[in-house]
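This briefing sets out selected local features of a structure, for reading alongside the sequence and the coordinates.

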Amino acid sequence: MRICQVEFRNFRGIREGCVVLPRHGVLLGANNAGKTTVVEALAFLFGRERMVSPISDWDFFEGAPRPDSRFFIIATLTDFGSNDPTAVPDWFIGQEAAQPVWWHEKSKTLSTELDPPEGAVLAAQVAMAGRFDDEACEFETIRYFYHGECDPFTDGCSMVPWRLLRQVGLFLLSSNRDWDKLLSFRSSSLLKLIREYDALPGRAVDVLKKQLRTDVAKIEESSPLSDILEAATRELQSFLLIGQSSKMVYRPTTLDAHAVLQSLVAHVAGQGDVLIPVAKHGAGMVSLQAFLLLLAFAEHRRESGQNFILAAEEPELHLHPSLHQRLVHRIRSASVQSIVTTQSPNVAAGYQPQEVIFVTNANGKMTADRLRTEPVSNIRRNSVRNLYLVNRAAFYEAIMGCVVLVPEGQYDYEWLSLWQRLAQSYRDSMKSFDLRPTSMLPTSDAAVAETFREIARFRQDAVPVIDGDSPGDSYLADLVAGSPAPGKIIRYGDRAAVECLSAWILEPALSSPREGMKSLLGGSRATLRNLQNAILARKKDREMRETIVWECLATDGCCERACELLHDLAAIASNGAPSNAGWHSHSEPNGTVVHVASHVRRV
Amino acid sequence: MEDILAVVGQAGTGKTRWLMKQVGDLAPRILTADHQRVLAITRMHGSRRRLQTNLSEHCPSIPCSITTIDGFALSILNRWRRSFGYTRPIQPAGDAVFQETVFGTDASFEEILIKSTELLRSRTVKAVIRESYPIVMIDELQDCHGRLLEFVKALSSCSTLIVAADEFQLLDSNVPGCPAVEWLRGMEEGSGCRCKELTRCRRTAVQKILAAAECLRSNIAAEGETIPVICCPDYGPAAYKIIDVLVFNARSWHGSTAIITPSHDGFINEVLASLDCQLEKRNLKRISWFHEVGAREERKRLHHCLGVGCEAPGSTGWTAPIEELTPAASQIVARTQRFARLRGLQDISHCMVARHIDSVVHERRAYCGHSQKRVVTTVHGAKNREFDNVIIIWPYRVTSDSEQKRRLLYNAITRSKRNCMLLVRGDSKRVQKDPVLSLLGPAKPAFLPRPKKKAASGGKRK
């Protein structure tokens with residue numbers, strides 16, 4: 001069983017939205033786009049009441065619920081193992097049951113014919129609605145079989161029994177987790193989990209309880225405490241005239257099963273078999289341990305033929321990047337379905353583009369599109385295909401980025417990335433310039449127009465950065481004629497390629513050239529023209545590039561120019577004002593505004 | 001076509017017992033999975049309640065869902081409403097044809113039945129219904145005609161039907177004959193329908209009652225003695241006759257007692273008032289009656305009590321009355337106000353209150369049981385019930401043709417197990433002239449000459 005679609009109405013930051021969920025998928029998106037809302041909503045609907053925080057005003061869109069405000073979470077379940085509803089009696093048979101509806105995996109749509117249409121699979125819809133009772137100042141929720149739009153609080157509805165929701169077996173790993181608590185019986189999370197999977201070692205707990213009652217060191221019997229206690233007891237007896245012993249004894253815990261369970265704390269054997277409580281371990285180790293414990297539960301459930309769906313927020317938290325991909329594979333293999341949110345392009349890169357869902361939210365209208373609906377092999381241009389293969393992580397990062405730039409080609413990408421790193425590492429970068437996080441999209445084979453059009457499917461605000469030379473003219477023409485056409489294009493000045501940009505940044509170092517610069521110039525005079533020529537001549541030498549860039553860290557003037565450039569690029573891309581006076585702009589007939597850096601030109 | 005097991009028989013011949021036996025025999029064989037249930041349905045709420053009592057008494061271990069046919073049709077239609085393009089919940093309302101209103105999608109029962117019959121033609125729906133309810137049991141099938149019968153026929157293609165009917169107990173004056181029984185009888189041999197006819201009355205062995213029933217059914221005047229037909233010129237004598245049997249002849253008239261009238265009119269209230277008054281005068285203990293009223297009457301009272309006008313349906317500005325309300329009325333007020341609040345409606349329309357009156361009346365009728373020992377009810381309300389004693393009060397005007405009158409009277413008489421008495425308003429000439437009442441033989445006056453004087457003068461003194 002898996003969740004193939006979830007719809008939202010008035011839930012948290014989403015006024016309206018719908019996400020189609022793959023068998024295994026990752027949700028990508030900017031902060032606040034609603035990734036967390038999606039996974040938490042699933043936990044709300046299918047999870048135990050206390051698995052997530054209680055409902056509050058803020059679970060309603062715009063946060064001010066009135067008596068007639070409702071939020072709805074509507075999930076569609078499919079893959080019941082049969083397309084015949086009578087074979088799934090728990091969900092479809094009886095008076096209070098789901099309407100058999102039909103899921104079309106190919107078109108990712110739902111239909112509600114009476115009889116199964118061609119190529120569709122059986123599906124059921126369940127929903128959760130919430131309301132605020134202003135008179136009692138309480139929140140009320142209902143989980144019901146969704147048979148169409150209604151207000152379950154006034155219209156009546158068929159409730160979904162807990163038994164069925166448990167069958168779905170959804171577990172949420174929330175991002176604000178306390179790992180050591182997850183491992184400790186003291187927290188209710190682990191107990192809940194263990195109970196959920198019927199794995200409570202009841203008999204062993206009972207034995208432990210008996211041991212704690214009798215087999216422990218008795219501190220009340222050791223002197224001097226024993227004498228004091230005895231004196232107090234004697235006097236008590238004389239006051240109350242009780243014949244029996246009312247001697248006080250001390251035991252760990254209150255000696256009932258609950259207290260014994262609560263007192264269990266997870267330890268890990270360190271060096272020399274010394275037991276160290278998990279809370280004293282490093283976060284990375286503990287989080288991995290907790291995660292693997294959860295996956296073990298999942299396996300246990302799967303082996304006994306039960307469903308397990310994992311919704312995890314940022315599973316990479318506290319874990320070394322080298323483990324990210326492996327973690328993804330473990331999640332996939334342990335669960336029937338997994339939905340993961342992430343900020344890490346590395347984690348996302350563990351998924352096929354068809355499994356990556358890009359979430360955006362415009363004034364409460366959430367959209368969630370798969371990066372690709374067709375296989376990557378269908379993409380004609382190699383350079384665009386590479387976005388999903390070779391450069392997947394960078395592409396995913398760009399999609400989530402704040403400002404997205406599409407450099408003209410491979411070298412442009414590499415140079416700009418280098419300057420970005422330099423600018424970010426300059427000690428005074430924050431003083432003079434406001435550097436906004438900027439993502440560069442790796443463009444290869446100079447396919448800037450196709451690359452832009454690919455990212456524009458998700459980010460219409462991406463800005464192509466092209467050279468001022470004649471190939472640049474044809475890219476410009478191609479971009480402007482394409483659909484969608486970019487809103488803005490950044491261009492270097494007259495006849496300038498990216499190497500001229502680098503020369504412009506390095507220009508302040510010409511007055512007192514250091515070793516790297518000298519060897520680059522190869523004995524010729526330290527002029528801008530010679531520098532441009534030298535860089536152009538060795539444009540394929542990546543090592544040389546790296547050397548010079550790091551060398552110019554020593555020249556404040558270069559660093560300031562790099563900072564200024566990055567600031568200006570980001571400023572233009574996000575409708576701000578550039579700081580260099582050399583920038584000027586004009587509009588193409590289709591409305592695209594071209595910003596030209598006239599200060600960067602071929603001399 | 002699945003099997004149909006049918007029983008047709010007169011009142012009191014043990015149809016219900018036969019139904020219970022069939023279900024008791026079949027259910028353990030046919031219900032194989034935990035989720036399967038017997039669907040027990042009737043047309044009216046009264047018969048549904050009685051079916052529920054019978055099932056819990058005779059087949060306590062068989063899982064059953066008991067509802068009315070309309071209720072069942074509505075529930076399945078609502079589950080599949082999206083397949084017909086209606087997204088908001090369908091609600092029964094007047095004669096609307098799937099209209100979007102503030103309440104949802106309004107539709108008449110007629111329209112709901114048409115659509116749910118269509119629903120049962122789907123392969124998938126059929127399979128789901130069959131798997132949910134392998135056995136469908138219908139009592140009082142004679143009440144189903146037109147769209148209801150079409151729906152039942154559609155159900156018969158899903159599950160095994162166990163039904164009981166008596167054509168003479170169809171109390172709907174607009175329907176000639178009895179389509180349901182004709183359908184059962186018309187089914188060919190070998191079609192899977194077995195129709196059993198029951199003839200021996202088991203409810204009562206009282207010869208007079210059986211004779212009265214027989215002559216009404218056959219429309220042939222009785223030769224021997226039937227139940228007593230007593231002419232009462234007014235409410236006073238009628239009330240006296242009731243005291244006569246229930247108090248002075250309490251030994252033979254003990255047990256449950258019903259006063260049954262063809263319809264509620266002022267006369268029955270006058271009789272009851274006079275009854276109280278005469279008992280008081282005689283220093284006798286008051287007899288308390290549970291006065292069952294029809295849904296229409298109850299609705300009318302609530303409309304009046306809550307000040308719901310018959311203005312245009314959209315009329316607004318309703319406010320709750322200030323005076324103290326009956327429990328039902330205050331329930332309606334609370335529900336209406338909650339509805340308006342939860343829907344964010346500032347203004348309460350009369351139509352909205354009327355809607356809640358309907359639903360509360362419906363629920364009260366659906367769930368309030370009959371446990372009273374002494375009831376006053378209509379023939380329709382008494383259907384399918386039995387009482388030790390039945391007193392029928394026949395007013396001047398019974399608005400039906402003589403065929404319908406026969407059915408009404410037959411139904412009323414056959415409710416009794418031991419004693420039955422017919423009090424006719426009017427004199428013996430009226431009885432003689434009436435083609436139906438005269439079937440039961442000559443009427444007697446309320447009082448024999450001597451005691452009449454005494455009682456009448458006693459009655460007038462005050």
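Predicted model: local features only at pLDDT ≥ 70, side-chain atom pairs only at ≥ 80, totals over all residues.

## A covered helix in chain B

The buried residues of helix α3(B) are I69(B), D70(B), F72(B), A73(B), L74(B), I76(B), L77(B), N78(B) and R79(B). Helix α3(B), which spans residues 69-79, is thus described as mostly covered, with 9 of its 11 residues buried.

**The six-stranded sheet of chain B**

- Six strands of chain B make an open sheet with parallel pairing, in the order β3-β2-β7-β8-β1-β9.
- At its edges stand β3 (64-68) and β9 (193-198) of chain B, each of which pairs on one side only.
- From one strand to the next, the twist of this sheet averages 15°.
- Within the sheet, strand β2 (residues 38-42) and strand β7 (residues 135-138) of chain B run parallel and are joined by 4 bridges.
- One position along this pairing is I41(B), which stands opposite I138(B) in β7(B).

**Helices lying across the six-stranded sheet**

- Helix α1 (residues 15-30) of chain B lies across β1 (4-9), β2, β7, β8 (160-165) and β9 of chain B.
- The direction of α1(B) is at about 170° to β8(B).
- Helix α7 (residues 179-186) of chain B lies across β1, β8 and β9 of chain B, and runs at about 125° to β1(B).

**The three-stranded sheet of chain B**

- A further open sheet in chain B consists of 3 strands in the order β4-β6-β5, and its pairing is mixed.
- Strands β4 (90-92) and β5 (99-101) of chain B each have a single partner strand, so one side of each lacks a neighbour in the sheet.
- The twist of this sheet averages 45° from one strand to the next.
- Strand β4(B) runs parallel to strand β6 (residues 104-107) of chain B, and 3 bridges join the two.
- In this pairing, I90(B) stands opposite T105(B) in β6(B).

**Strand β15 of chain B and its partners**

- Strand β15(B), residues 416-425, is largely enclosed by the rest of the structure, because 8 of its 10 residues are buried.
- Strand β14 (residues 387-394) of chain B pairs with β15(B) in the parallel sense over 7 bridges.
- Across that pairing, I393(B) has L423(B) in β15(B) as its bridge partner.
- Strand β10 (residues 229-232) of chain B also pairs with β15(B) in the parallel sense, over 4 bridges.
- Here V229(B) has L422(B) in β15(B) as its bridge partner.
- Together, β14(B), helix α15 (residues 402-413) of chain B and β15(B) make a β-α-β unit that is right-handed.
- As background, side chains in a regular strand alternate between the two faces of the sheet.

**A helix pair in chain B**

- Helix α11 (residues 295-305) and helix α13 (residues 350-367) of chain B pack with their axes 10 Å apart, at an angle of about 135°.
- The two helices α11(B) and α13(B) are therefore oblique to each other, and their crossing is right-handed.
- On the α11(B) side, the residues that meet α13(B) are A295(B), E298(B), R299(B), L302(B) and H303(B).
- Their counterparts in α13(B) are A354(B), I357(B), D358(B), V361(B), R364(B) and R365(B).
- As background, an α-helix has 3.6 residues a turn, so residues three or four places apart point the same way.

**Cis peptide bonds in chain A**

- S223(A) and P224(A) are joined by a cis peptide bond, with omega about 5°.
- P224(A) is placed in the loop between α7 (202-214) and α8 (225-240) of chain A.
- A cis peptide bond also runs from S483(A) to P484(A), with omega near -5°.
- P484(A) is placed in the loop between α18 (470-481) and β19 (488-492) of chain A.

**Positive phi values in chain A**

- L255(A), a residue other than glycine, has a positive phi near 70°.
- L255(A) is found in the loop between α8 and α9 (257-262) of chain A.
- The relative accessibility of L255(A) is 16%, so L255(A) counts as buried.
- R495(A) is not a glycine either, yet has a positive phi of about 60°.
- R495(A) is found in the loop between β19 and α19 (498-506) of chain A.
- With a relative accessible area of 49%, R495(A) is partly exposed.

Notes
Residues numbered from 1 in each chain as written. Chains lettered and ligands numbered in written order. Heavy atoms only, no water. Buried < 20%, exposed > 50% of the residue type's maximum accessible area, 1.4 Å probe, protein only. Pairing = 2+ DSSP bridges. Right-handed = clockwise from strand over helix to strand, strands pointing away. Axes fitted to C-alpha atoms, helices over the stretch in contact; angles between N-to-C directions. Parallel < 35°, antiparallel > 145°, perpendicular 65-115°, else oblique. Left-handed = near helix turned anticlockwise from the far one by under 90°. Contact = heavy atoms within 4.5 Å.
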